[in-house]
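Work through the exercises below with the sequence and the coordinates open. Each task is followed by a solution in steps.

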Amino acid sequence: MTSRVILKRSIKRRIAFGHPWVYDNEIDRSDVIDDGSIVDVLTYSGQFLGRGYYNSGSTIRVRLLTRRNCRFDVDFFSRKIERSAFLKSSLLRTSDAMRIVFGEADGLPGLIVDRFSGWLVVQFNTLGIAHLKDVIVEALISVLKPKGIFEKSEGISLRKEGLDAREDWIYGSGPELLPFSSDGIIFFADTKGQKTGFFLDQRENAERLSEYAAGRNVLDVFSYTGNFSFHCLKKGARSATLLDASERALSVARETAEANRFTDSCEFVRANAFDYLRTSRFSGSDLVIIDPPAMAKTPSSKRSALRGYKELNLRAMKILKNEALLASSSCTQIVSEEDWSRTINDAFHDSKKIGVIVFRGGQPIDHPEVSSIFETRYLKFCLFRIFELADY
């Protein structure tokens with residue numbers, strides 16, 4: 001018999017309407033449950049709300065996988081994966097890479113699956129989903145038939161879940177750098193790099209941005225392996241300076257430049273972004289991209305993150321001349337779009353310049369936002385045309 005978690009009398013609406021998380025302070029009582037075990041979540045009056053997995057070491061005590069009374073077997077995960085892949089299949093018209101599973105947004109909390117050509121890179125980020133790894137891998141093989149599956153489970157959240165990091169092939173094999181194509185550009189997902197090796201969520205923003213890049217000198221801050229830069233070069237940018245603190249990321253970017261014959265148009269700079277933007281060395285750039293990693297990973301770090309966003313953008317604004325372009329992004333759910341936009345506006349105010357919005361971007365369909373799970377909305381992107389206040 002499946003163990004039960006009973007909610008407090010007043011708790012029901014949010015979970016009943018589709019949110020998959022049950023917090024520790026929402027539980028009235030429960031059976032004795034081993035961490036990582038499957039549990040049924042019931043209302044105070046005994047109504048079944050869903051089935052998921054439990055971890056007493058997490059503030060999110062239960063993560064729901066289904067609203068039905070069913071088994072978590074290969075067929076269950078195969079159906080979820082098939083549905084998710086089908087809903088996102090339009091992306092394959094211009095690329096052979098996409099995110100197959102985006103955790104809660106695809107009904108599989110704790111699981112990330114990215115496809116890069118014939119290979120999969122997966123992350124098992126919670127104890128409960130890690131306990132189901134064998135059946136999930138079997139389902140992935142059955143549905144997607146990959147050449148290999150690389151597990152890249154890492155990060156602070158693993159320790160909180162009581163899991164060890166793992167980076168290794170768990171099915172088949174493949175190269176260290178997984179080649180794939182997107183918009184006619186050859187890229188590489190780095191199995192030794194950040195996250196799953198490539199940030200697929202910014203592809204559409206990079207493509208849109210590239211439409212304004214012809215003839216411009218690009219400075220790509222926090223470039224990682226060059227997604228924005230190479231899209232801009234493909235559409236006629238005069239040059240691109242890729243700035244990152246990671247020599248590993250820049251080495252992959254160099255290989256990408258060579259594969260696409262962009263090397264002569266590229267400069268690779270290893271430096272701290274804040275320090276570099278204090279200088280005037282990038283004064284020849286007329287398209288600057290500020291795309292930092294998640295600067296706030298917990299609510300307590302939000303204020304510091306907002307200061308960081310303001311400082312980075314302000315330093316770029318001070319150097320950029322009339323009609324230059326500034327692309328700015330934030331990739332953390334902790335910082336709302338309203339707070340981020342207000343911070344960018346404050347930077348414009350302090351720089352005594354005006355930013356005219358060219359376009360706003362967000363997440364592509366393989367990183368879906370779900371109406372009942374506001375945490376799935378995280379990516380903010382905006383392209384500004386810069387003007388001196390006195391000249392506008």
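## Exercise 1: a salt bridge across the chain

Asp31 has a relative accessible area of 31% and so counts as partly exposed (buried is under 20%, exposed over 50%, partly exposed in between, with a 1.4 Å probe and protein chains only). The model is predicted, so local features need pLDDT of at least 70 and side-chain atom pairs pLDDT 80 or more, while totals for chains, interfaces and linings use all residues. Residues are numbered from 1 along each chain as its sequence is written, and side-chain values use heavy atoms, without hydrogens and water.

Task: Which residue forms a salt bridge with Asp31, and how many residues apart are the two?

Solution.
1. Apply the rule: a side-chain nitrogen of Lys or Arg lies within 4 Å of a carboxyl oxygen of Asp or Glu.
2. The partner is Arg4, with the closest N and O atoms 3.8 Å apart.
3. Arg4 sits in strand S1 (residues 3-7), and Asp31 in the loop between strand S3 (27-30) and strand S4 (38-42); they are 27 residues apart. Strands are DSSP runs of E with at least two residues, helices are runs of H or I with at least four, and both are numbered from the N terminus.
4. Arg4 is partly exposed, at 34%.

## Exercise 2: further salt bridges

Task: Where do Glu337 and Arg377 lie, and what is the distance between their closest N and O atoms?

Solution.
1. The closest N and O atoms of Glu337 and Arg377 are 2.6 Å apart, and the pair forms a salt bridge.
2. Glu337 belongs to helix H11 (residues 337-351) and Arg377 to the loop between strand S19 (353-361) and strand S20 (380-388), so the bridge ties together parts 40 residues apart in sequence.
3. Glu337 is partly exposed at 27% relative accessible area, and Arg377 is partly exposed at 47%.
4. For another pair, take Asp28 and Arg29, whose side chains meet at 2.8 Å, N to O.
5. A network of salt bridges links Lys302, Glu338, Asp339 and Arg342.
6. The count of salt bridges comes to 28.

## Exercise 3: cysteines

Task: How many disulfides does the structure hold, and why does Cys331 form no such bond?

Solution.
1. A disulfide is a pair of cysteine sulfur atoms within 2.5 Å.
2. A search of the whole structure finds zero.
3. The closest cysteine sulfur to that of Cys331 is in Cys382, 16 Å away, which is too far for a bond.
4. Cys331 is partly exposed at 23% relative accessibility, whereas Cys70 is buried at 19%.

## Exercise 4: helix H7

Task: How many of the residues of H7 are buried?

Solution.
1. H7 covers residues 227-234, and seven of its eight residues are buried.
2. The buried ones are Asn227, Phe228, Ser229, Phe230, His231, Cys232 and Leu233.
3. Just after H7, Gly236 has a positive phi of about 105°.

## Exercise 5: the second largest pocket

Task: Which helix gives the most residues to the lining of the second largest pocket?

Solution.
1. The second largest pocket holds about 590 Å³ of space.
2. Its lining has 24 residues, and those closest to its centre are Leu65, Lys80, Arg83, Asp106 and Gly107.
3. Strand S6 (60-66) and helix H2 (74-87) each supply at least two lining residues.
4. H2 gives the most, with five.

Technical notes:
1 Å grid on protein atoms, 1.4 Å probe; cavity = no way out; pocket = protein on both sides within 12 Å on 5 of 7 lines; lining within 4 Å. Points joined across faces, edges and corners; volume = space filled by probe spheres on them.
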